[in-house]
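Please examine the sequence and the structure before reading each solution.

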Amino acid sequence: MNKISFVRWMAVCLASLVLAACAGSDETAEKIDSGYPQARFPSYLKKPQSIEEIMPYAQAAVRQTGGRTPLGQVEPGKTVALFAGVRALVDPNPLVLQAVIEAYKELDVKAMVVLPEIEDNSIRLGRGYTSEDSYMEIARWVGFNFLDQKEPKAGLQQEVPAVYSQMYPEEPRQGTRIDLDPEVVSELKADPNFRFWGGSPKEYLDRYGKTIDIVFTGYGGREGTRKDLGEHGHKFYGNFIFDDYHELVSKVPSYPGDLWRLVEERVIEPLAWADRAHITDPEGTDVTFDVTEQQAKDWAESTYYPGHLFLFPHQGTTRLPAIFYPTLTRWIAAFIPQAEGVVAGTRSHTGVFPRIEIDLKDSRVTEVRGGGEYGDGWRAFLRWPKLNEVQYPYYEDIGKGYFWAYECALGTNPKFYTRFDEAMQGRWMTEREAAGVIHWGFGVEVRSDRPGEEGRFLEFRKKTNAPRGHWFHIHNMFITFRLRIRGTERWLTLVDKGRITALDDPEVRLLASRYGDPDEILRAEWVPSIPGINAPGDYQKDYADDPWTHIVKVMNEVEDGTYPYLYP
C-alpha cells in the first residue's frame, strides 16, 4: 500500500469513527453496561423438508467466492468433485447435496459428490464424546501429529494417569450409531452424480482424477489437505463445508463474496505499517508483540487466508503460494515476533473447559494455569523434555522447542454461528469462522519445505517423531486488537470488543447497500452470551468455573424457544 492509499485509509477510518460516535439505536440501548455486544442467536435456523426449500441456499453457495469453500470460483464447463463427510448421509443432507449439484448445473458446471463407503445402511456420527470432554483436544493432537503415537501416550500415562484413562478408555470410543433410510441410500448409489468410496481423496483422484478439474474436500486445514492430495494438490480450491444443512441453510453462503473480501482487505491494509500489536479480551487475554519493518511487510503478504486471517505473523511463514493464499507470492522463512503476556479463555476446537491461562515469554509458553483436565494434559506435555529440546528445521535461528505462540486467527464472516449439534459430537469448530472471533494455537508448524529442499521436514519427523504441527487452541470471543503505526504513537483498532471495525467502514457499508439494508447485511447473526461480560451473572461463578453447564442451558433454551436472545 502506497502513502496515498494509506492516508486515504486513515481518513476513512476517522470518518467511520465519527459516524459511529454520532449513530444511536435501540439495539445499543439494550446492551448491558459492559459495552460488549448484546448476545443473540438466530431463530430462523430450521431443518428443510424439500429440495425446493434448499435450492435458494444452494444457488447462493455455488456463487460464493469467499471463505474456505469458494464454490463460486469454479468456471463454466468444469467438472468439480465434492468430497462429503459421513454427516452428509444424515437426513436431510442428501437433499442438500442434490441441491448443490442442481445449482451447479444451472451454471454449466458438472458436480460429482464422493461419499464415504458405508456398511449395513448405518453410520457412526461423532467421536463418542461431547464438547464437555474438552481434554480430547489433546487426544486428537496425538492422533493427528505423531507418526508413532505410542511415545506421547506413554508419557501422558506416566504424568497424568487419570487424564490418560479418560482419553483412552479400555473400550474405544465410538460415535452414535445412526441407521439410514435404505431407500435413500439405494437412490444415492443409483445416481451417477454420487459415488461411494472407501479410500482417501488422493486415492480416488489417482483412479478417477483425469476427468476432474477442481476439488473441494475436508472441513479445515487447507494447506495440509492440499499436501495430502499429492500430485492432485493443484486442483484443490478449498474445503467443503456445505454438506450439512446447518451450514448451507443459513445466511453464510449468501454473504456477498466481494463484500467479504473488502472487509478482509481493510483488516490487512495497515499490517505493513505496524510495529506493535496489542490484544486484549475480557476473559483475561493481554498480549503484546513487536514486528520489525521487514517482518511487518512479510506479515501483510502472508496473512490473507480467506475467512481466517493470520493476525500473528508466525502462522504465515513456510507456506507456498496457492489459490487460497490470494496475496502470497513466495515462501517466507519462519520468524516469531517476541510476544509477551497472557492468553486466557474457556473454549477450544473440541469443547469448553474451566478458564485457562497461558503465560507467554518471548513467544514461548512458559506456564499453563487452570483449564481442568485440558490444562492437566497440556502441562504434562509442557514438561516433556522431548518437546523442549527438539530442533525443528527452518527454526535453527529461532531456537529449540515446540511450544511457541503460532496462531492468532480472525474469523471474518458475520453470518456464522456456533453449532450445538457439533458440540454433542465433540466438535467446537464453527464459531471460529464468525467475524471477530479469534482463535489461538500453539506449537511449531512447517507447512512446506523451502523450495528445493522437498522432503526435509518429513525426514525430520521420521527421525525424531516430533509433532507435525500446531494445536492446543483457545478461542476469544470479544477481542480488541490494536496496531501501532511505525514511527508514531498512533494506534488503529482492527477489532473492537469482538466487532471487526471494517464492518462499519463507510465504503464497506456503501458496497453492502447494493445487496440490501447494510445494517442487516453486516449484522452479526450470533453473539455468545457470557455471564459477567455481556449477559447477567458472575463471570467466574456462573460461567468460567464450569462453562459446559452454561452452554447446556443455552442449548436447551434455544431448542425450546425460551432463550432471551433469540431473534428475529
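A residue is buried under 20% relative accessible area, exposed over 50%, and partly exposed in between (1.4 Å probe, protein chains only). The model is predicted, with local features needing pLDDT of at least 70 and side-chain atom pairs counting only at pLDDT 80 or more, while totals for chains, interfaces and linings use all residues. Residues are numbered from 1 along each chain as its sequence is written, and side-chain values use heavy atoms, with hydrogens and water left out.

**Exercise 1.** Classify Tyr-208 by its relative accessibility.

*Solution.* Begin with the location: Tyr-208 belongs to helix α9 (residues 201-208); helices are DSSP runs of H or I with at least four residues, numbered from the N terminus. Next, its relative accessibility is 27%, and therefore Tyr-208 counts as partly exposed. Finally, contact means heavy atoms within 4.5 Å; leaving aside residues up to four places away in sequence, Tyr-208 touches Arg-195 and Trp-197.

**Exercise 2.** Determine whether Thr-225 is buried or exposed.

*Solution.* Thr-225 is part of helix α10 (residues 222-228). Because its relative accessibility is 13%, Thr-225 counts as buried. Beyond residues up to four places away in sequence, Thr-225 touches Thr-217, Gly-220, Phe-236 and Asn-239.

**Exercise 3.** Identify the residues with the most contacts inside the largest nonpolar core.

*Solution.* A nonpolar core is a set of buried Ala, Val, Leu, Ile, Met, Phe, Trp, Tyr and Cys residues joined through side-chain atoms within 4.5 Å. The largest one has 157 residues, and Tyr-104 and Phe-481 have the most contacts inside it. Helix α4 (residues 93-106) supplies the largest share of this core, seven residues.

Notes
Helix = DSSP H or I, 4+ residues; strand = E, 2+ residues; numbered from the N terminus.
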